[in-house]
Number of protein chains: 2
Amino acid sequence: MSEEKSVTACLILIGNEILSGRTQDKNLAYIAKGLNELGVQLREVRVIPDIRKTIVDTLNECRAAFDYVFTTGGIGPTHDDITSECVAEAFGVGMYRDPDTVELLTRRTEERGQKMNEARLRMATFPEGSDLLKNEISAAPGYRIENVFVMAGVPRIMQSMFEEAKPHITGGSRMLARGLAVDLGEGNIAEGLALVQARYRDIDIGSYPQMREGGGFRGSIVLRGTDAAVLDRAHAEIMQIMRDLGGNPVEEYPDKAQASAEPES
Amino acid sequence: MSEEKSVTACLILIGNEILSGRTQDKNLAYIAKGLNELGVQLREVRVIPDIRKTIVDTLNECRAAFDYVFTTGGIGPTHDDITSECVAEAFGVGMYRDPDTVELLTRRTEERGQKMNEARLRMATFPEGSDLLKNEISAAPGYRIENVFVMAGVPRIMQSMFEEAKPHITGGSRMLARGLAVDLGEGNIAEGLALVQARYRDIDIGSYPQMREGGGFRGSIVLRGTDAAVLDRAHAEIMQIMRDLGGNPVEEYPDKAQASAEPES
């Protein structure tokens with residue numbers, strides 16, 4: 001594994017319903033890919049429940065350990081939306097009500113023929129020191145405080161906030177990827193792959209077996225690194241090794257292809 | 001949030017390709033639901049890369065903090081499969097080669113007309129003190145060591161190992177769920193929900209907004225707790241509150257329904 005200096009991020013998914021298995025997260029992959037385009041590597045994800053101590057402790061651990069932290073979930077108007085209070089507690093700051101947001105949310109609420117109330121005003125209340133992240137979808141903003149970006153859990157709203165977050169993010173080198181699919185078992189290719197990995201210490205080579213419907217394996221090999229020429233050389237060597245082993249390797253595009261039905265995790 | 005004594009678990013998804021966004025995890029929801037059927041609450045999930053120090057530190061932190069820990073990924077034959085070495089390091093034990101597994105894997109390999117080799121023998125090598133978890137799909141076992149269950153990342157293989165893990169797990173009360181869908185905005189229902197939550201401290205009430213295709217919101221409300229009668233009463237109260245607010249609430253079944261296209265996280 002290469003460990004060159006890189007810009008790192010951690011994502012914290014806050015919400016009981018991913019942990020219960022009821023909802024399938026859709027935000028991880030979107031944020032991972034968006035960060036990579038900015039030259040930031042997503043290095044860890046945590047899924048945690050709506051429990052105050054857990055949120056505060058996780059925030060403090062992660063904001064010290066990574067260059068950037070992103071959270072999703074828990075910033076709506078209901079009693080289980082406790083993320084903002086927890087962020088304030090983690091940073092040791094108070095909360096303030098933002099007048100522009102109050103005005104915006106009041107106007108939007110009244111346009112729908114409804115009334116502003118205390119619950120909705122919670123969405124205009126932020127930890128002191130926050131920069132707000134506009135939300136083009138449902139108006140109530142996310143925010144940045146130091147290196148922590150606090151976003152909604154609903155994917156389309158999160159995506160709008162993530163666009164607003166981008167100008168605040170300074171990335172490093174972008175990780176590039178090359179890939180191939182191969183019709184050989186991992187046990188056959190392991191030795192050759194390990195030899196290539198040993199020669200190319202600045203790239204990461206991953207092997208991802210998949211099961212085919214109806215039995216049988218195929219594998220994806222993914223090479224990641226910041227130097228395109230090095231990746232190209234290592235990729236060509238692995239393609240040749242696969243052919244030498246009697247396989248029929250095919251180029252794959254790791255950051256474009258949809259994951260198949262049975263991806264390795 | 002209720003904090004009664006319960007049996008807890010943490011899931012560690014090990015693998016660079018979930019963090020890159022290339023593959024979508026399929027194991028979290030399966031394991032969450034399977035654990036709940038056993039009376040175990042999944043309280044945290046971590047997604048971490050194939051980096052030795054990260055894996056060792058995460059294992060040690062989580063096995064101390066939760067009753068059970070489950071890992072997926074990184075137990076195959078290739079150079080990036082480093083989970084078992086990390087487990088041994090975390091527990092401060094050596095590794096041993098299991099003769100029965102060597103025989104099993106050798107027979108399976110030869111049946112496919114291939115040869116046993118050092119890479120495949122890695123899948124017969126386990127931390128000392130492990131109980132093996134059979135794998136009906138691809139033969140190479142997972143294992144349990146103390147309160148940590150180490151499983152494959154490929155979903156069908158993981159599921160086979162998880163079945164083998166079940167007899168080793170002693171759960172507590174099973175969390176039951178009731179739910180409803182409502183056509184009212186969260187800002188309208190927040191006050192009523194908070195009042196019900198305040199009266200029923202032993203259950204968790206969650207509100208999950210969703211965006212409809214073409215605009216507009218709907219919400220799911222999920223009630224979880226161990227006492228069916230209490231859940232029934234709180235559910236009836238919330239249904240009535242929604243009707244009083246002019247809504248048209250509909251019963252939902254949180255642990256049966258598929259998540260919709262745009263779930264909240």
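Reply: Gladly, and let's begin with burial: a residue is buried if 20 or more other C-beta atoms lie within 10 Å of its own, exposed if 12 or fewer, and partly exposed in between, with C-beta atoms placed from the backbone. On that count, 52% of the 265 residues of chain A are buried. Please keep in mind that this is a predicted model, where local features need pLDDT of at least 70, side-chain atom pairs count only at pLDDT 80 or more, and totals for chains, interfaces and linings use all residues. Residues are numbered from 1 along each chain as its sequence is written, while chains are lettered from A and ligands numbered from 1 in the order in which they are written.

Me: Why is B:Glu164 called buried?

Reply: B:Glu164 has 20 other C-beta atoms within 10 Å, and the definition asks for 20 or more, so the residue counts as buried. B:Glu164 belongs to helix α7 (residues 155–165) of chain B; helices (H or I, at least four residues) and strands (E, at least two) are DSSP runs, numbered from the N terminus. Beyond neighbours up to four places away in sequence, B:Glu164 touches B:Leu133 and B:Lys134, where contact means C-beta atoms, placed from the backbone, within 7 Å.

Me: What makes strand β9 of chain B mostly covered?

Reply: In this strand (residues 176–182), 5 of its 7 residues are buried.

Me: And how do you know that β9(B) pairs with β12 of chain B?

Reply: Pairing requires that DSSP finds at least two bridges between the strands. There are 3 bridges between β9(B) and β12 (residues 250–252), which run antiparallel, so the pair qualifies. B:Ala181, for instance, stands opposite B:Val250.

Me: Which strands pair between the chains, and in what sense?

Reply: β2(A) and β2 (residues 40–48) of chain B pair in the antiparallel sense over 3 bridges. Within that pairing, B:Val45 is the bridge partner of A:Val47.

Me: What makes the relation between the chains that of a two-fold axis?

Reply: Chain A superposes on chain B by a rotation of 180° with 0.0 Å of shift along its axis, at RMSD 0.0 Å; that is the relation of a two-fold axis. The C-alpha of A:Arg46 is the one in chain A nearest the axis, 2.2 Å from it.

Me: What makes a group of residues a nonpolar core?

Reply: The members must be buried Ala, Val, Leu, Ile, Met, Phe, Trp, Tyr and Cys residues joined through C-beta atoms within 7 Å. The largest such core has 94 residues, and those with the most contacts inside it include A:Leu11 and B:Ala9. Among the contacts of B:Ala9, leaving aside neighbours within four places in sequence, are B:Leu35, B:Val40 and B:Phe66.

Me: Where do the domains of chain A lie?

Reply: Domain 1 covers 7–168 and domain 2 covers 176–252, with bounds from an automatic or database domain assignment. Their centres, taken over C-alpha atoms, are 38 Å apart.

How values were computed
Least-squares fit on C-alpha atoms with pLDDT ≥ 70 in both. Contact = placed C-beta atoms within 7 Å.
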